[in-house]
Amino acid sequence: MENFISRLKQNLLLQVFTINLRYLLGSAFVYASIFKINGIRFMPKPTEGTPINTLSHFFEAMYQAGVYWHFIGWGQLIAGFLIMSQSFSTLGAVAFFPLILNIFVITISFNAPNILLVTTLMLFANTYLLIWDWNRLKFICLPGPLTYIDDKAAFSKKKIWTFIGLVLFFVVVSFRLYQTYHYML
């Protein structure tokens, strides 16, 4: 399997796809994190007539928890930044996985089909990124002495991708802060 993944990583189109997938996943988490960090609701407050076992009540409970709401936001921001950085994308994908898996289980639990499609795709995308970086992660997962195979995908290791990721991170944060400012007015 490792040799197969290594051969796939030499494909320029897959390298570009992986770089942009990291930007997309990271941007989604960074975008969602800013409201939480600033203590703003993610969804409208449920009305009195809303059934108690709905997703809006669940999010309201997390919002009312205060510190937990901020904690989730900071976790999403850090994971999103790490993935977008390209340099720390493996660590970002590892940090991203339990977060997106948790969100995926929540959407299944509350039968939210529209959100379920998005979270399913994000979970698959993150799984793809973990498989992409298997050569780095196998030391955590497998026992015994293992050899490291550097795939030498030179195109995806260019520093320009890190620079673009950092610029994109600050653009997303700035845009969301701008939206937050206007939301609070």
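Trainee: At which residues does UniProt place the feature "transmembrane region"? Please then examine in detail how helix H2 and helix H4 are arranged.

Mentor: The model is a predicted one. An unreviewed UniProt entry places the feature "transmembrane region" at residues 12-34, 67-84, 91-109, 115-132 and 160-178.

The protein chain contains eight helices and zero strands, and its pattern along the sequence reads α-α-α-α-α-α-α-α. Along the principal axes, the C-alpha atoms fill a box of roughly 60 × 35 × 25 Å. Of the 185 residues in the protein chain, 41% are buried. Among contacts with a separation of 6 or more, 70% are accounted for by residues 24 or more positions apart.

Residues 91-109 are 100% helix and 0% strand, with end C-alpha atoms 28 Å apart. Residues 115-132 are likewise 100% helix and 0% strand, and the end C-alpha atoms of this span lie 26 Å apart.

Now to the pair you asked about. Two packed helices are described by the angle between their axes and the distance between the axes. Helix H2 covers residues 12-37 and helix H4 covers residues 67-84; their axes come within 7 Å and cross at roughly 155°. Because of that angle, H2 is roughly antiparallel to H4. The crossing of H2 past H4 is left-handed.

The residues that meet between these helices can be listed by side. H2 contributes residues including Arg 22, Tyr 23, Gly 26, Ser 27, Phe 29 and Val 30, and also Phe 35, Lys 36 and Ile 37. On the H4 side, the residues in contact include Trp 69, His 70, Gly 73, Trp 74, Gln 76, Gly 80, Phe 81 and Met 84.

Gln 64 belongs to helix H3, which spans residues 55-64. The side chains of Gln 64 and Glu 60 are joined by a polar contact of 2.7 Å. Gln 64 and Gly 39 are separated by 25 residues in sequence, and their C-alpha atoms are 9.4 Å apart in space.

Lastly, a residue elsewhere in the chain deserves mention. Asn 135 is found in helix H7, residues 134-141. Its relative accessible area is 5%, so Asn 135 counts as buried. The side chain of Asn 135 makes a polar contact of 3.3 Å with that of Lys 9.

Terms used
Residues are numbered from 1 along each chain as its sequence is written. This is a predicted model: local features need pLDDT of at least 70, side-chain atom pairs count only at pLDDT 80 or more; totals for chains, interfaces and linings use all residues. Side-chain values use heavy atoms; hydrogens and water are left out. UniProt positions are given in the numbering used here, feature names are shortened, and annotations may be inferred rather than shown by experiment. Helices (H or I, at least four residues) and strands (E, at least two) are DSSP runs, numbered from the N terminus. Buried means under 20% relative accessible area, exposed over 50%, partly exposed in between (1.4 Å probe, protein chains only). A polar contact is a pair of N or O atoms within 3.5 Å; within protein, one must be able to donate a hydrogen and the other to accept it, and residues adjacent in sequence count only if both atoms are side-chain atoms. Axes are lines fitted to C-alpha atoms, for helices over the stretch in contact, and angles run from 0 to 180 degrees between N-to-C directions. Angles under 35 degrees count as roughly parallel, over 145 as roughly antiparallel, 65 to 115 as roughly perpendicular and the rest as oblique. A crossing is left-handed if the near helix is turned anticlockwise from the far one by less than a right angle, and right-handed if clockwise. Contact means heavy atoms within 4.5 Å.
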